[in-house]
Amino acid sequence: MRLDELINTNRQALNDTDMVIWKYILQHRAAARHISIHELARACCVSSTTIVRFSQKLGLDGFGELKAILKMEEVEQPYYNSNVLDDLSDFYLKTGEKIFKRNFDSASRLVHEANRVFTFASGYVQANVLQELKRLFFYDNVFLYDIPAREEFYSVLPTLTKDDLFIIVSLSGESPSVVEIARELQLRDIPLISITKLHDNTLASLSTVNLYISPAEFQLYDADDGKHISFKSMMPYFMLIEVWYVKYRIYVHRLKQKNIQSTI
């Protein structure tokens, strides 16, 4: 699991001092891969013991494991090579490998057990992602109800129960509307699945389950003024939800087989 995921998963256990440590690591990620525990403690004006406790709050054995995760993480760089089709192909392959290895059981369980499933998107691409998700789950008689705006959310909020489920798609996970909705859901213990870019974000930290995507930027050509003309690939969104749906079907089939065996 990446460090950003650990932060989001354990955000509720982190205090202000812990967030100072995380902010320093976030802003000095390259240097943090080689920094000693004493150097990090001095930079954050805390003790070495506090650094160890911060690591343990993330579910790690200590600072050594934290540093190992930092070293393993690759720095995402924009693709600025001459053959953009080769770059795009390579990006799709690497993204697919990561997504196929992911475990979707927690998200699938929430969908399978939900009485109703509501969705909210923070932008145009995100809305298209949810429409595709809606189409896929329709095959299994799982109906997703669109919540188009904040006002509609508050009109349905009084009817929501713990047996319902929300799915929110947002790139940054920081837009005011999605954070506001996520906080309202958390107050009522209503399960929430969020799909966001892989980075430390508020929406992910408020979610029951967070699914990450990693978009990438590709250069198409150079403009006359020397600047790169590029576009950002959002294909990971669609790849993720399609793989999730297939793994959801596998999850449901596995449950049925288990129930059959238990009755024999």
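User: How many residues of β3 are buried in this predicted model?
Analyst: In this predicted model, the strand β3 is mostly covered. On one side lie Leu 165, Ile 167 and Val 169, and on the other Phe 166 and Ile 168, all of them buried. Both faces of β3 are therefore covered. The number of buried residues in β3 is 5 of 5.

User: Which residues of β1 point one way, and which the other way?
Analyst: β1 is mostly covered, with 5 of its 5 residues buried. In a regular strand the side chains alternate between the two faces of the sheet. In β1, Phe 118 and Phe 120 point one way, and the other way point Val 117, Thr 119 and Ala 121.

User: What is the order of the strands in the open sheet?
Analyst: β1 (residues 117–121) is joined to β2 by 3 bridges and to β3 by 5 bridges. β3 in turn pairs with β4 over 4 bridges. The pairing in this open sheet of 5 strands is parallel, and the order is β2-β1-β3-β4-β5.

User: Which strands stand at the edges of the sheet?
Analyst: The order of the open sheet is β2-β1-β3-β4-β5. An edge strand here has a single partner strand, so one side of it is left without a neighbour in the sheet. The strands in that position are β2 (144–146) and β5 (209–213).

User: By what angle are neighbouring strands of this sheet turned against each other on average?
Analyst: The sheet is open and has parallel pairing. The average is taken over neighbouring strands with direction ignored, and it comes to 25°.

User: Which residue stands opposite Ile 167 in β4?
Analyst: Individual residues can be followed across the paired strands. Phe 118 stands opposite Tyr 145 in β2, and the bridge partner of Ala 121 in β3 is Val 169. β3 and β4 pair in the parallel sense, and the residue opposite Ile 167 in β4 is Ile 193.

User: Which helix packs on the sheet and touches β3, β4 and β5?
Analyst: The strands touched are β3 (165–169), β4 (192–197) and β5. The direction of the helix makes about 130° with that of β5. This helix, residues 235–263, is α13.

User: How far does α13 reach from its first C-alpha to its last?
Analyst: α13 has 29 residues. At 1.5 Å a residue, the expected span is 42 Å. The computed reach is close to that value, at 43 Å.

User: Which element gives the largest share of the largest nonpolar core?
Analyst: The largest nonpolar core has 34 residues. Two or more residues each come from α8 (105–113), β1, α9 (124–138), β3, β4, β5 and α13. The largest share is 10 residues, and the element that gives it is α13.

User: Which residues have the most contacts inside the largest nonpolar core?
Analyst: Trp 244 is one of the buried residues of α13. Leaving aside neighbours within four places in sequence, Trp 244 is in contact with residues including Leu 133, Phe 137, Ile 167, Ile 193, Ile 195 and Leu 211. The residues with the most contacts inside this core are Phe 137, Ile 193, Ile 195, Leu 211 and Trp 244.

User: How many disulfides does the structure hold?
Analyst: The sulfur of Cys 44 is 7.6 Å from the closest cysteine sulfur, in Cys 45, which is too far for a bond. A disulfide requires sulfur atoms within 2.5 Å, and Cys 45 is in no disulfide. The number of disulfides in the structure is 0.

User: Is Cys 45 buried or exposed?
Analyst: Cys 44 has a relative accessible area of 8% and is buried. For Cys 45 the relative accessibility is 72%. Exposed means over 50%, so Cys 45 counts as exposed.

User: In which loop is the place of Asn 141?
Analyst: Asn 141 has a positive phi of about 60°, although it is not a glycine. At 59% relative accessibility, Asn 141 counts as exposed. The place of Asn 141 is in the loop between α9 and β2.

User: What is the phi of Asp 189?
Analyst: Asp 189 is found in the loop between α11 (176–187) and β4. Asp 189 is a residue other than glycine, yet its phi is positive, near 55°.

Technical notes: Residues are numbered from 1 along each chain as its sequence is written. This is a predicted model: local features need pLDDT of at least 70, side-chain atom pairs count only at pLDDT 80 or more; totals for chains, interfaces and linings use all residues. Side-chain values use heavy atoms; hydrogens and water are left out. Buried means under 20% relative accessible area, exposed over 50%, partly exposed in between (1.4 Å probe, protein chains only). Two strands pair if DSSP finds at least two bridges between them. Axes are lines fitted to C-alpha atoms, for helices over the stretch in contact, and angles run from 0 to 180 degrees between N-to-C directions. Contact means heavy atoms within 4.5 Å. A nonpolar core is a set of buried Ala, Val, Leu, Ile, Met, Phe, Trp, Tyr and Cys residues joined through side-chain atoms within 4.5 Å. The expected span of a helix is 1.5 Å times one less than its number of residues.
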